[in-house]
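Trainee: I would like to learn how to read strands, helices and contacts. Can we work through an example together?

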Amino acid sequence: MKRNLIASLALCVAATCFAAPQKAPPAPVPVDTPNEQAVAFWVKFDKLPSVGEPTGLVDCRADKDGKLQVAFKALPTEIVGDLEMASLDAVKAGEWHHVEVNFSLMQQRATFYLDGKFQWENDNLNVPRLARRTRRGPSIDFSGEVRDISTWTYAADSERMAVACRGLLERAAGETAAAAAAVKAAKPGASGLVAWAESLAKKASEYLALVPEGALSTVSVRDAKILLRDAAHARKIAETAKDLKGVFAGAATIAVPPFSQDPICPYDFPKYGAVADCQRIVACPGEHEAASFVLMAFRPLKVAGVRCDGLRGPAGAIPGANVDLKLVKRWYRSGSAWIAYHNDRRLRVLVPDLLVNDDSLVYVDEEQTRNYLRLDYPDGAIYADVSDVGKNHFGWNQNVPFKDAETIQPFALKDAGRNQQLLATVKVPKDAKPGVYEGAVSLATDAGAVSFKIALKVLPVELPVQPTPYGDTTRSYITHMNSFPAIEGHTRQERLDYARKMLENVHAHNMNHTTGVFSTPTLAKMALEVGFVPDRVFTVGGPKWWWDFYPGVPRDQITAAEREAAIKAAVAAWNANNAAWKKWLPDWAEGWCIGFSEASDYGSLCRNQGEMSDACREAGLKVFAHGMGHWNSQWAGDVQDMNSSTLIDRDEASRWHAAGGEYINYADPFPGAESPYWYRRKMGLYMYKTGLDGHMLHGFRQGRTPWCEWGEDWGGDGNYRNFCMSYPMQGGSIFCLRWDGVREGYDDLRYLTRLTQLAQANLAAKNVDLRREAKRAMLWIESLDGLMADLDATKTGAAARILILQDAIKKHGGEMPPANPDYARAAK
Amino acid sequence: MKKTIVSGIAFACALGAFAAADAGKNHYDVKYGSVPNNYATMLRDFPDDWNYNFRPYGASSEWLWSDSNVRRAASADEKLEDRTVTGLRVSCDEDGFDVLVYCNEPKLSDYLAKTNAYPSQRIEFFVAPGDADEPAVQQRYMAFYGDGVCREYENREPDRDFRLAKPQVTETALKNAIVVRIHWDWANFWMRLPLLSDRADSIWRLSIIRWVGPGVTWGGTVHQNSQAGYVRWPAFTPEQRTAILKKTLEKAWREFCAYTDANRTSIGKIWIGREKWRQERNAADPRSYVNVPEDPGFRATYSAMIAERRGLAAGIAKFDAMTRAEQDAFYLKAADALFNFPWAAQEAYGEYQKNQLFDGK
C-alpha cells in the first residue's frame with residue numbers, strides 16, 4: 001500500500017512537471033510600451049528657427065542654422081530627464097526631410113537618423129523611461145508640413161525607418177526584372193522559382209508606382225533591399241543549380257558544410273555551399289558524421305513531416321534511428337554573439353545555435369528581438385519571455401516544464417526567401433562494413449515533396465578512440481571539460497537514464513576527460529560501459545595541507561623531518577578517505593589534482609603550490625593548474641605536471657615538455673560563442689599543430705546565465721556571456737551546433753593520429769616505396785597550417801592517405817600498429 | 001545630521017551633473033589623404049582635424065571632456081600638465097586607413113634626468129565595419145603595448161570572409177607627447193570596403209582606449225563593441241574609388257602570384273614526369289602527394305583554376321576605363337578569386353580526394 005502510494009505520488013510529480021508536447025500556444029504579443037518604439041516622418045519647416053512641433057510623438061525643432069533637436073519625453077519621475085538628440089546635418093527651410101528616431105530601454109539605445117544618414121546615438125547608457133505620447137499630428141502653432149508619420153512598437157533599425165529614394169526603387173525594379181528574366185531563361189521548368197522571381201519584380205514595380213518622380217517616398221529602404229536580396233538569391237539558385245537538382249516546386253536545397261564560420265540567418269544565402277540535392281560524407285565505423293543543407297522557400301511553406309529511413313548500400317544498412325535529424329534554431333544572443341564570450345549586453349544578435357526537434361519550442365520574435373521558451377504545463381502551454389533584461393537572469397531546475405520533442409516536428413517557413421538549416425548526424429555503427437551507403441532526408445511540404453540525398457562512404461579504417469598529441473603517439477590528447485552536469489530525475493530510473501544519455505552524448509563528442517564522469521561507482525561503471533577511457537581522471541581532490549597537522553605552530557619553525565612525517569600522514573589519510581575512486585577504476589587510471597589556478601605571484605605558484613604538489617605526488621597523483629600568461633612556466637615548472645594556460649604558444653609548450661610536463665589551454669576558446677568553426681579549429685588542428693597536449697573546455701551545460709544574457713551579472717567576475725555548450729531541458733539537454741564543432745575538431749585529430757601511427761611505424765621500412773609513402777604522410781601533416789588549412793579538406797586528405805598507407809603496408813609487409821595502444825586499454 | 005546634509009548636497013551635485021545632456025556617441029568624419037612618414041606634423045598642419053573627445057573610462061560618459069585651449073596647446077606641442085589629454089585623427093587613402101593617436105606626456109622631455117620610466121603607451125583599439133545595427137562579426141581588436149609591440153585578440157578564425165588583420169603600429173616621440181600611428185591596409189577588409197557600402201552613409205565603429213591614469217576612451221569600454229564611436233567615411237570621388245579598388249586588386253594579384261610561385265604550390269616549378277614506367281608504377285601502387293601540384297590527377301583542375309585567375313590581370317590593367325558598375329562587379333569577382341585562391345585550391349583538392357574515396361581509388 002505504502003509503495004503504491006509513493007509510486008503514485010512520484011507519478012503525479014512527474015506528470016505535473018512535464019506533459020506531452022502540446023500544440024504551440026499563440027505567438028506572444030509583447031506589451032505595448034513607450035520604452036520600445038520608433039518614429040519616422042517627413043517634415044518641412046517653413047522657416048528657421050522652426051516654430052511649433054511637427055508631431056506630438058517626439059519633440060522636434062530646427063535652430064536658426066537648420067540643426068535639429070529631437071527629444072523623447074521622459075516620465076516626470078526620471079532623474080536623467082528627457083533624452084535629447086542633436087543632428088550633425090542641417091535642414092533647409094522649405095525643403096522636405098525625413099526624420100527617423102528609435103528608442104529601446106531594453107538595449108539602452110536611442111538613435112537619430114536624418115534622410116537615412118546617421119546623426120546621433122547615445123553614449124550614456126542611463127536612458128530614461130519614457131512617457132507615453134499619443135498626439136501624432138503637429139501642434140497648432142507648427143509652421144510647416146508633416147506627412148507619412150510611421151510608428152513601430154519596437155526600436156526599428158535605421159534601414160527599416162529610412163525611406164527608399166526613387167533611385168533605389170528604380171534600381172530594385174531594374175534588378176528584379178532582370179533577375180526574373182534570368183531565372184526564366186535558366187530554369188524555365190522551375191515554376192515555383194520563376195513565380196517567386198516574377199513576384200519580386202511585380203512588387204518592385206508596385207513600389208516604384210507608389211513613388212512617382214518628385215514625390216516623397218513611403219517605401220522603406222529595408223523593403224526595397226529585401227527585393228534586391230531575394231532577387232539575387234533567386235537568380236543565384238537558377239544560375240548555379242545543375243539541371244534542376246536541388247530545385248523543387250516550393251523551395252531549393254543548398255548543401256552546406258555543417259560547421260563553417262558563416263552564421264546562416266533566416267534570409268541569408270549561405271556563403272559556402274551550393275544548390276544541390278545531395279551531399280557526400282565520409283566516416284569510419286564508430287564515428288559520428290554530419291550532413292547539412294539549407295531549405296530556402298520560394299513561397300510561404302509548411303513542412304508537415306521530415307524523415308530519414310536510414311542509409312543502404314551493398315555492404316549493408318544503417319537504420320533510420322542512427323540518423324539524428326535536427327533543425328538549427330536561430331535565436332537572440334547578446335552582442336559579440338557567434339564570435340566571442342564577452343558580453344555586450346546592449347545588443348541582440350540573431351544567431352544559429354540550438355539543435356531542436358520542435359521549432360515551436362523556442363519562439364523568436366524577430367521584430368521585438370525577444371526569445372520565449374514554451375513551457376508545457378498540464379493545463380496548457382505558455383510562452384515565457386526569457387529575454388527581458390528587467391527580469392535579470394533565469395535559473396533552471398528540473399521542475400521547469402521545458403522539453404524538446406523526441407523526433408523532428410513539422411515546421412514552417414513563413415515567407416518566400418526564408419530559410420531553415422537542417423543537420424543530419426549519422427552514427428556509423430562500430431561494425432559497419434566499408435562501402436557506400438545512400439539514403440535521403442525527405443520533407444513533405446505543402447508545395448510537394450523535397451528530398452535531399454546523403455551518400456556516406458564508410459572507410460575500412462579503425463580510428464583511435466582518443467587522439468594523441470602531434471608527433472607523440474604514446475599518450476592521449478587531453479579532452480578535458482568542466483564538467484559533467486548534476487544528475488536530474490525524480491526517480492532512480494529517471495536519474496540513471498539521464499546519466500546514461502549524457503554520458504553517451506559526451507563520449508560521442510570525444511570529451512573523454514570530462515570532470516565528474518567517474519565520481520560515483522554507478523556513474524563510473526556506466527562511463528566505462530559507454531566507452532570512456534580512465535587514463536586521466538580530472539579533477540580529484542588531493543591530500544590535505546600537511547601543516548594542518550601542526551595547528552598553532554608557526555610554519556617557519558617546523559623541521560624537515562616533521563614536514564615529511566606530516567606529508568606521510570596526509571597521504572595516509574587521503575588514501576583512507578578520498579581514494580575511493582581508485583576502487584572502481586583500473587589501477588592504471590591516473591588522478592589529476594588542481595593546484596592554484598589563475599595565480600600570478602611567486603609565493604602562491606611556487607612556494608605554497610609546491611607544498612601541495614609534493615603531497616599530491618607522494619599520493620601518486622599528478623598536479624596541474626590553470627594559469628595566465630607565462631608565470632606558471634617561469635615559476636612552477638617543477639611544481640606542476642601540466643599547465644592549463646590562456647595562451648596557445650609553441651614556446652610555452654616546449655618549455656613544459658622539456659621537463660616532462662604537459663601543456664593545454666583553457667581560455668581560447670572559452671565556451672559561449674556560437675560558431676562551431678571556432679571550436680573545431682582552435683581545439684583541434686590549431687592547438688594540435690602548435691604542440692599543445694589538449695584543451696579544457698570550461699563549461700558544458702547551462703553556465704551562469706542560461707537564458708537571459710542581458711541582465712547584469714552581479715557577483716560575476718566580468719561581463720561574460722553564458723559559459724556553456726548546451727542548455728538544460730527536462731530529462732536532458734538541448735545541444736548546440738558549436739558542440740558538434742568540438743566533436744568534429746577532435747575527430748580531425750583522430751584521423752591525423754591514425755595517419756601518424758601508421759606512418760611512424762614505417763618510416764624505416766625496408767621497402768623503399770613504403771618508406772617514402774610513410775615519409776610523405778608525416779611531411780604532409782607537418783606542412784599543415786593550423787590556422788589556414790581547410791579543415792574539411794584536411795580530414796579528407798588524412799582519410800585518403802590512411803587508405804593509401806594501409807594498402808602499402810599490406811602489400812609490402814610493413815608494420816600495422818594498433819589504433820588503440822596501451823594508454824587506451826579500456827577501448828580495446 | 002551633518003553627514004546627511006553633506007551627503008545630500010553631494011547627491012544633488014551628482015544629480016545635476018548626471019542630468020547633463022548626453023553629447024552622444026563620438027563620431028568623426030574621416031579625411032581622405034595620405035599620412036606622411038613624419039606623421040606628427042599632422043598636429044601642426046591640420047590642427048582642426050583632431051578630436052580630443054576622450055572620456056573617462058568606465059563612466060557613463062555623460063561628461064564630455066573637450067577644451068579648445070587644450071587643443072591649441074596640444075597642436076603646438078606645449079607642455080600640458082594633464083597626462084590624460086588624448087586626441088585622434090582618422091584618414092584614409094588608396095592604401096588603407098590611419099588612426100593617429102596623440103598621447104600627452106608632460107614628463108617625457110625630462111624622464112631620463114629624473115629617472116622616471118619611459119612612458120610607454122598602452123592603447124587598446126577596436127574597429128568593425130558597420131554601425132551598431134550590424135553584428136560585429138568582422139571586428140578587429142588589438143592592444144598596443146609600446147615599442148612596436150602589438151597583440152591581436154582575434155575572435156574569428158581566418159576564412160574566405162575574414163583575414164587576420166595585422167595593422168602596422170608605430171610611435172614617434174615629441175618633446176612632451178607621443179604620437180602613435182595605427183595603419184590598416186585595405187587588403188584586410190577587402191570584402192567590406194567602406195566605399196562598397198550601399199547605405200546612405202558609410203559608418204564603421206572605432207574605439208580607442210588609452211590606459212593612462214584610470215583610462216580614457218573615445219568609444220566605450222573593452223568588449224562592448226556597441227559603445228564604440230563611429231567614423232563616417234567620406235563620399236569618395238570616382239577617382240578615389242578607382243584608386244582604392246585598383247590598388248587593393250593589385251595587392252590581391254601580388255598575393256596570388258606569390259602563392260602560385262611558391263615551391264610547394266607552383267605548377268611552374270613542379271613538373272610531372274610522364275614516363276611510362278612512372279605511370280605504370282602509380283597505377284599499380286597508388287601514392288599520396290605532399291604538394292598539390294604534384295598530383296597528376298588534379299593538375300589539370302589546378303592549372304585551370306590558376307589560368308582562370310591569370311586572366312583577371314587584363315581586367316585589372318584596364319580597370320580605370322570601366323564604368324562604376326563594371327568596376328564594382330569586377331572587383332568583387334576578382335578580389336574574391338585572387339585573395340581566396342588558397343582556400344579555393346584546398347577545397348577543390350579536398351573534393352577531388354573525396355571523389356577518389358567514393359570511387360574506391
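Trainee: How many bridges join strand β3 of chain A to β4(A)?

Mentor: This is a predicted model. Strands count as a pair if there are at least two bridges between them. Here five bridges join β3(A), residues 67-72, to β4(A). The two strands run antiparallel. Take one bridge: Gln69(A) has Ala86(A) of β4(A) as its partner.

Trainee: In what order do the three strands of that sheet lie?

Mentor: The order is β2-β3-β4 in chain A, and the sheet is open with antiparallel pairing. β2 (59-62) and β4 (83-90) of chain A each have a single partner strand, so they stand at the edges, and one side of each is left without a neighbour in the sheet. From one strand to the next, the twist averages 15 degrees.

Trainee: Why is strand β6 of chain A largely enclosed by the rest of the structure?

Mentor: Count the neighbours. A residue is buried if 20 or more other C-beta atoms lie within 10 Å of its own. In β6(A), residues 109-114, six of the six residues are buried, so the strand is largely enclosed. Now look at directions. Arg109(A), Thr111(A) and Tyr113(A) point one way, while Ala110(A), Phe112(A) and Leu114(A) point the other way.

Trainee: Which strands pair with β6(A)?

Mentor: β5(A), residues 96-104, is joined to β6(A) by six bridges and runs antiparallel to it. Phe103(A) has Ala110(A) as its bridge partner there. β7(A) also pairs with β6(A) in the antiparallel sense, over four bridges. In that pair, Leu114(A) stands opposite Lys117(A).

Trainee: What should I look for in the hairpins?

Mentor: Check the phi angles. The hairpin of β5(A) and β6(A) has four residues between the strands, and Gln108(A) takes a positive phi near 50 degrees. The hairpin of β6(A) and β7(A) has two residues between the strands, and Asp115(A) takes a positive phi near 55 degrees.

Trainee: Which helices do the buried residues of α4(A) pack against?

Mentor: They pack against α3 (166-186) and α5 (221-240) of chain A. Among these buried residues are Trp196(A), Leu200(A) and Tyr207(A). α4(A) has 20 residues and reaches 28 Å from its first C-alpha to its last, close to the 28 Å expected.

Definitions and conventions: Residues numbered from 1 in each chain as written. Chains lettered and ligands numbered in written order. Predicted model: local features only at pLDDT ≥ 70, side-chain atom pairs only at ≥ 80, totals over all residues. Axes fitted to C-alpha atoms, helices over the stretch in contact; angles between N-to-C directions. Expected span 1.5 Å × (residues − 1). Buried ≥ 20, exposed ≤ 12 C-beta atoms within 10 Å, placed from the backbone. Contact = placed C-beta atoms within 7 Å.
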